[in-house]
Amino acid sequence: MARRIDYGRIAVILSAIIFLIFGADFIRRAYNSWKGENGQLIVQTHSGVDPYGTTPTGTATDPGSQPSGGETTTTTTTQDVNLPKLTLLASEIHSGSLVLVNDTYGWQGEGNYVAFSELNYAHFRLPSRSLQISKTMSADLIAMFKDFYAATNLGNVMIYATTNTPTALAYQVSIPERASGLTLDLAVWDEAQGTHSPFKPEGNYAWLQSHCAEYGFVQRFTADKSAQTGMQQQIWHYRYVGVPHAVYMTQENLCLEEYLTLLRESHDAGNPLLVTTSDASYTVYYVPAAEDGGMTEITVPKDLPITTSGDNMGGYIITIRNAA
């Protein structure tokens, strides 16, 4: 006798299986969503993918700029695994410690200056307390001369000029980047004679040239880089670029032009430059500026100090201090 097939039971079984499949998928999605909202979702990264969520290797993003003085603006969102966003404003491509200012790329930044009369300083001389510098470098400048004095017991180095063009014969050289407030023209004050003479990094004064990178400064125009900078050697002219950048430029014997070219051509977000200083490590990369002149948001790591700088040419340098 032929066995009858119970199609009704089969339909019930199949319906139950389908219900279980969709139910399990719904529970999985809900659980992952909960983890994402609570910052617990782990995303695996792969070779060629930007670990900070901006762009794959070799793919340009739509950049913008940074706020004046190297500060950054971030907004936290629940998108992109709860990573914060950094807003880059196009107008601020001309601001920051890494801007290139020369006869080709003129100074267009806002300045963010502070007069020495507003600062608590010692261990160096000034022709006038009304001289101004960028606030960005003020703390590192004061720390450098404090340590120079501790090492040499010398307090007669004069910061002769910053944003202005000095009148002393030795310094009658037009240097457009002075307008940024990120430069120092140094002299040596002779207390007995009441006069100053050009600064030379010799004897005890060599300490400044040997250690300035630790405080974010570089000797801007050296004899071996005149072809790249377009300037003859100026041993008394120093430029602030920020600690990790100064350390790397000094280690690799790069002038600012060479360093910015290296970042622009070889180190985007997917292939950042790693810089190690005496007390920290940094991730540094280049973001090109948006062609439409608009602002752009890029995803950055959570809870890590970030600074940005325009290069004054067409992009931005992102600098992230890595966790210890």
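This is a predicted model: local features need pLDDT of at least 70, side-chain atom pairs count only at pLDDT 80 or more; totals for chains, interfaces and linings use all residues.
Q: Which residues lie closest to the centre of the largest pocket?

A: The lining comprises 26 residues, and those closest to the centre are Gly242, Val243, Pro244, Tyr282 and Thr307. Helix H5 (243-252), strand E13 (306-310) and strand E14 (315-321) each give two or more residues to this lining. By class, the lining has eleven nonpolar, twelve polar and three charged residues.

Q: What is the volume of the second largest pocket, and which element gives the most to its lining?

A: The volume of the second largest pocket is about 300 Å³. Among its 16 lining residues, Val218, Gln219, Thr222, Thr250 and Asn253 are the closest to the centre. Strand E8 gives the most, with three residues. The lining divides into seven nonpolar, six polar and three charged residues.

Q: Is threonine 152 buried or exposed?

A: A residue is called buried when its relative accessible area is under 20%. Threonine 152 has a value of 14%, and therefore counts as buried. This residue belongs to helix H2 (residues 135-152).

Q: Which atoms does the side chain of threonine 152 reach?

A: A polar atom of this side chain lies 2.7 Å from the backbone oxygen of phenylalanine 148. The side chain also reaches the backbone nitrogen of leucine 154 at 3.2 Å. Beyond four places in sequence, threonine 152 is in contact with Asn204 and Trp207.

Q: With which side chain does threonine 283 make a polar contact?

A: Threonine 283, in strand E11 (residues 281-288), makes a side-chain polar contact with the side chain of asparagine 322 at 3.0 Å. Threonine 283 is buried, with a relative accessible area of 2%.

Key. Residues are numbered from 1 along each chain as its sequence is written. Side-chain values use heavy atoms; hydrogens and water are left out. Helices (H or I, at least four residues) and strands (E, at least two) are DSSP runs, numbered from the N terminus. Buried means under 20% relative accessible area, exposed over 50%, partly exposed in between (1.4 Å probe, protein chains only). A polar contact is a pair of N or O atoms within 3.5 Å; within protein, one must be able to donate a hydrogen and the other to accept it, and residues adjacent in sequence count only if both atoms are side-chain atoms. Contact means heavy atoms within 4.5 Å. On a 1 Å grid over the protein atoms alone, a cavity is a set of points where a 1.4 Å probe fits but cannot get out, and a pocket is an open set with protein on both sides within 12 Å along at least five of seven lines; lining residues have an atom within 4 Å of a point. Ala, Val, Leu, Ile, Met, Phe, Trp, Tyr, Cys and Pro count as nonpolar, Asp, Glu, Lys and Arg as charged, and the others, Gly among them, as polar. Grid points are joined across faces, edges and corners, and a volume is the space filled by probe spheres set on the points.
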